[in-house]
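Please read them next to the coordinates.

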Amino acid sequence: MANQNYLCIQKSQLGHTPKGERPSPAQVQEMYGRFNAWRATFAANIVDIGGRLGAGKVVTVDGVLDGASIEAKEIIGGYMILTAGSVDEAAEIARQCPGVIGPGSSVEVREISTP
Amino acid sequence: MSTPGDVDHFFRHEYGHLVALLSHRFGVQHISAIEDAAQAALMKALERWPTGGEPRNASAWLFSVARNEFLAQMRQGNDRRRILARYPVDLEPVPDKVPADIAIERMQDDLLRMLFVCCDAAIPRESQIVLALKTLCGFDIPEIALRLFASPASIYKRLSRARSVLRELSPGLVNLNEGEYPARVSSVCSVLYALFSEGYLSLKADAAIRRDLCDEALRLSGVLANHPAGELPEVFALMALMHFHLARLPGRQDGDGGLLLLGEQDRTLWDRTMIEQGLSWLALSAEGNQFTRYHAEAGIAAEHCLAKTFEETRWDRVLECYAILEQFNPSPLNRLNRAVAIAEAFGPAAALEDLAGFSPPGWLARSYIWAAVMADLHGRLGDAKIASYRARALAIAPSHATRKLLSRRLLRSTG
């Protein structure tokens, strides 16, 4: 079966900012290394590595609103697009991505429908 | 230039560069805020680089972020007015595209300056080492505690003592003039030597952890030796000494992590390139008329490195170096080491005779090293005195690996 594309949306609960020990430079090195290793492992699955999402606007029929004024319990922090044989496979790849899921943050994996 | 992905200690060393650069620019009395800013810059890199890609000049990127972070902190703090008055230009937001304005030489200058700051005589030696490991090498408190076999609380205390000295330095003293360097070079050398010894002599840690400290000491000594302020025979001899010791590290352990005696080591495992480099530094150190303890110690280490086998060691030359060392740096441990060399050159009886007139200080007399050497010398003579020394050495050996080595060595002697 041909692969499908999946949109991975990283979400964090509003007001939940993890305040643990700050990582030491050596730990930063390790985290960076783990991310790069993940990226190399799944290079064939990564369609768009995406990125973090900054502040923005919400466009409605009533006009253009500040993003911040939209009521939400979760904020979307970042996205990426994966290709995989199934949603389960895509979810597993996202799960293995270092630093994406943790206390108060999750990833939603959604199939991108194509005609 | 190095990139974050392919260099093992990129972030640790960048942290050291950031602290050095910001300290020079804004004054080392802000050390705590500066360290926070350096940390924040690394976090931002971790957040941005994986998806956005690494900037072409990663160091300049980090510096720009850390500087902005520092200034943002200062805007909120009490030092605001003073800092703003001195650095109005820096308040302009720094564009995302950073000019590569931090030259490598400049970075090395600042790193060296920070090293001299860490070695301020007003800071106790044990705090100097912790401060250097924290600010220049980028280890955090638990990582330093692990490497120095101390509790995190005690490391924190040592660090606080150093920081409080730095905070109280008058601004004039904060940025050392290069004219003040010569007076401090010896002190800097002895901090680097202590740092190296922590790694090299420690029998308690695993090899990787030990190697870290040695590598950091060598890296910082290299910064000093390659800087005009450090072009001195003393510094070159220290570099030679470190190379000779590091060259032999791969031979010190067997496949199971057990320690090997000098005579048991496979000398083909020794790092020839390191030895060659050591010899070059030793040759450089011989130019000029300064002679230091590092020259004598490097001389001893060089003899070991150059001997094809243990039996071929030129013990007479080793003893000459010990005699010189005795003049420059008389120490009970050197005295004991010399006796070990005498035993190889002239036999155990001569060594015991040499030690007969020597009463070791309490710390040495109580140490496993003293017991082990005495047991070995008596054992080689077939003397019954071995028994009590051997029992003591085995009882107080600091690690499993040491105990194993001692029992192998001492149990084959009868007595």
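**Notes on the model**

1. B:Arg113 and B:Asp110 sit 3 residues apart, about one turn, in helix α5 (residues 104-118) of chain B; helices (H or I, at least four residues) and strands (E, at least two) are DSSP runs, numbered from the N terminus. The two form a salt bridge whose closest N and O atoms are 2.8 Å apart, the term meaning a side-chain nitrogen of Lys or Arg within 4 Å of a carboxyl oxygen of Asp or Glu. Both B:Arg113 and B:Asp110 are buried. On the scale used, buried is under 20% relative accessible area, exposed is over 50%, and partly exposed is in between (1.4 Å probe, protein chains only).

2. On provenance: this is a predicted model, in which local features need pLDDT of at least 70 and side-chain atom pairs count only at pLDDT 80 or more, while totals for chains, interfaces and linings use all residues. Residues are numbered from 1 along each chain as its sequence is written, chains are lettered from A and ligands numbered from 1 in the order in which they are written, and side-chain values use heavy atoms, with hydrogens and water left out.

3. Chain B has 21 helices and 0 strands. Of its 415 residues, 54% count as buried. Taking contacts (heavy atoms within 4.5 Å) in chain B with a separation of 6 or more, 68% are between residues 24 or more positions apart.

4. Over all chains, the structure holds 23 salt bridges. One of them joins the side chains of B:Arg12 and B:Glu216, at 3.1 Å from N to O. B:Arg12 belongs to helix α1 (residues 10-26) of chain B and B:Glu216 to helix α11 (residues 207-225) of chain B, so this pair ties together parts that are 204 residues apart in sequence. B:Arg12 and B:Glu216 are both buried.

5. Which residue forms a salt bridge with B:Glu264? The partner is B:Arg408, with the closest N and O atoms 2.7 Å apart. Since B:Glu264 is in the loop between α12 and α13 (272-285) of chain B and B:Arg408 is in helix α21 (residues 400-411) of chain B, the pair ties together parts that are 144 residues apart in sequence. B:Glu264 is partly exposed at 32% relative accessibility, and B:Arg408 is partly exposed at 33%. In chain A, salt bridges that share partners join A:Lys11, A:Glu74, A:Glu108 and A:Arg110 into one network.

6. The largest nonpolar core has 100 residues, and those with the most contacts inside it are B:Trp49, B:Leu62, B:Met114, B:Leu133 and B:Leu136. Such a core is a set of buried Ala, Val, Leu, Ile, Met, Phe, Trp, Tyr and Cys residues joined through side-chain atoms within 4.5 Å. Helix α12 (residues 233-248) of chain B gives this core its largest share, 11 residues. Leaving aside residues up to four places away in sequence, B:Leu136 touches B:Gly16, B:Leu111, B:Met114, B:Leu115, B:Cys118, B:Leu131, B:Arg219 and B:Leu220. There is also a second, separate core of 23 residues, including B:Trp315, B:Cys321, B:Met374 and B:Leu377.

7. B:Ser186 is in helix α10 (residues 181-201) of chain B and is partly exposed, with a relative accessible area of 39%. Its side chain makes a polar contact with the side chain of B:Glu234 at 3.1 Å. A polar contact is a pair of N or O atoms within 3.5 Å; within protein, one must be able to donate a hydrogen and the other to accept it, and residues adjacent in sequence count only if both atoms are side-chain atoms.

8. At the interface, 16 residues of chain A are in contact with 22 residues of chain B. The area buried between the chains is about 1600 Å², 61% of it from carbon and sulfur atoms; buried area is the accessible area (1.4 Å probe) that two parts lose on being put together, summed over both. A:Pro25, A:Gln29 and A:Tyr32 supply 41% of the area that chain A buries against chain B, more than any other three residues.

9. The count between chain A and chain B is 1 salt bridge: A:Arg22 pairs with B:Asp36, the closest N and O atoms being 3.1 Å apart. Between the chains, 7 residue pairs are in polar contact (both at pLDDT 80 or more). On the side of chain A that touches chain B, α1(A) gives the most, with 9 residues.
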